[in-house]
Amino acid sequence: MARLPVSSSDSSVPRSLWQRQRWLVLRRLSQALVLLAFLSGPWFGLWIAKGNLSSSLTLGVLPLTDPLLALQTLLTGHLPYSAALTGAAIVLGFYLLVGGRVFCGWVCPVNVVTDTAAWTRRRLGIKTGRVPDAATRYWLLGGILVAAAVAGRLAWEWVNPVSLLHRGLIFGMGGGLFVIAGIFVYDVLVASRGWCGHLCPMGAFYGLLGRTALLRVSAAKRSACDDCMDCFAVCPEPQVIRPALKAVGQAGPLILSSDCTTCGRCIDVCDKQVFKMTHRFDQRSE
Ligand code: SF4
Ligand code: SF4
């Protein structure tokens, strides 16, 4: 006899396209809206956000500054304008609260490129390559801070792919196109999730901010996991899943690693509906 669905979260009920793509759609919407906030001025004369992802003024009153940029500026020996410091404090507070790498999943335009590269790599069935050590991004982060202090200049910002792509999308891509294309080719052919997962100093910096964040993904229904590995295949930081899903080194179901970008892709792809978005005090298993 056919089993009747018990609830909308019943894992035996086939899920709709929306349920399987919801977090991806919401993230792309968020990334597009952030871009539109900057484009609305030059395109329509409606200045929602002036500036760029590194430093901006929203609605003429709200300064927002990349705290990594502010830190580099301080290291060059220059004191940023007070509005820039206020903007850095606001952004810092926000990401300390919600999770630093929320920036990666929900704001950064490079994420669209690297997600597409990961998808392309999966479609082409490429398994080979050489992935850098996971600590490389922290060494690079240290390197750009030392470079700012030694050179007295914001050297990294000239080549930062995040700034290059964001500025390029607003004002037109120049040589930055080669940098972005290089990241795409590198992620497809050389290292799976190579740039964001192993090299990007910005991702490393924002990851450090996420250690105490409230917003978390939980493998709450981990007893339903059938080891299909779909979540591992799509996760940009697959090493973060195992401790929560398989209770390795921790008892609770929360994904605690600050490398998790809170992208929600594991929630989308899991037909057993193991994962959910929640807060860090929710230790319930279902
Ligand atoms: S790791 Fe770097 S490039 Fe990738 S999404 Fe995060 S900030 Fe953007
Ligand atoms: S664990 Fe889930 S939410 Fe976290 S990065 Fe991986 S796919 Fe995204």
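Which residues in α1 meet N111, V112 and D115 in α5? The legend to Figure 1 gives them.

This is a predicted model, in which local features need pLDDT of at least 70, side-chain atom pairs count only at pLDDT 80 or more, and totals for chains, interfaces and linings use all residues. Residues are numbered from 1 along each chain as its sequence is written, chains are lettered from A and ligands numbered from 1 in the order in which they are written, and side-chain values use heavy atoms, with hydrogens and water left out.

**Figure 1. Contact of α1 with α5.** R27, R28 and Q31 in α1 meet N111, V112 and D115 in α5, where contact means heavy atoms within 4.5 Å. By class, this contact of α1 with α5 has one nonpolar, two polar and three charged residues. Ala, Val, Leu, Ile, Met, Phe, Trp, Tyr, Cys and Pro count as nonpolar, Asp, Glu, Lys and Arg as charged, and the others, Gly among them, as polar. The axes of the two helices come within 10 Å and cross at roughly 145°. Axes are lines fitted to C-alpha atoms, for helices over the stretch in contact, and angles run from 0 to 180 degrees between N-to-C directions. Helices (H or I, at least four residues) and strands (E, at least two) are DSSP runs, numbered from the N terminus.

**Figure 2. Helix α5 and its packing.** The 15 residues of α5 should span 21 Å at 1.5 Å a residue, and this agrees with its end C-alpha atoms, which are 21 Å apart; the expected span is 1.5 Å times one less than the number of residues. V110, N111, V113, T114, D115, A117, A118, T120 and R121 are the buried residues of α5. Buried means under 20% relative accessible area, exposed over 50%, and partly exposed in between (1.4 Å probe, protein chains only). These buried residues pack against α1 (17-44), α4, α8 (161-171), α9 (176-190) and α10. G125, with a positive phi near 70°, follows α5.

**Figure 3. Surroundings of ligand 1.** The shell consists of R101, F103, C104, C108, V110, N111, V162, W195, C196, C200, M202 and G203, a residue being near a molecule if one of its heavy atoms lies within 4 Å of it. At least two shell residues come from each of α4 (102-106), α5 (110-124), α10 (194-199) and α11 (201-209). Nine residues of this shell are nonpolar, two polar and one charged.

**Figure 4. Surroundings of ligand 2.** Around ligand 2 stand V217, C235, P236, V240, I241, I255, C260, T261, T262, C263, G264 and C266. Nine of these are nonpolar and three polar, with no charged residues.

**Figure 5. The open sheet β1-β2-β3.** Three strands form this sheet with antiparallel pairing; two strands pair if DSSP finds at least two bridges between them. β1 (49-51) and β3 (62-65) are the edge strands, each pairing on one side only. Neighbouring strands are turned by 25° against each other on average, direction ignored. Strand β2 (residues 55-58) pairs with β3 over four bridges, and P63 in β3 is the bridge partner of L57.

**Figure 6. Positive phi at R193 and M229.** Most residues other than glycine have a negative phi. R193, in the loop between α9 and α10, has a phi near 55° and counts as buried at 10% relative accessibility. M229, in the loop between β4 (215-218) and α12 (230-234), has a phi of about 75° and is partly exposed, with a relative accessible area of 45%.
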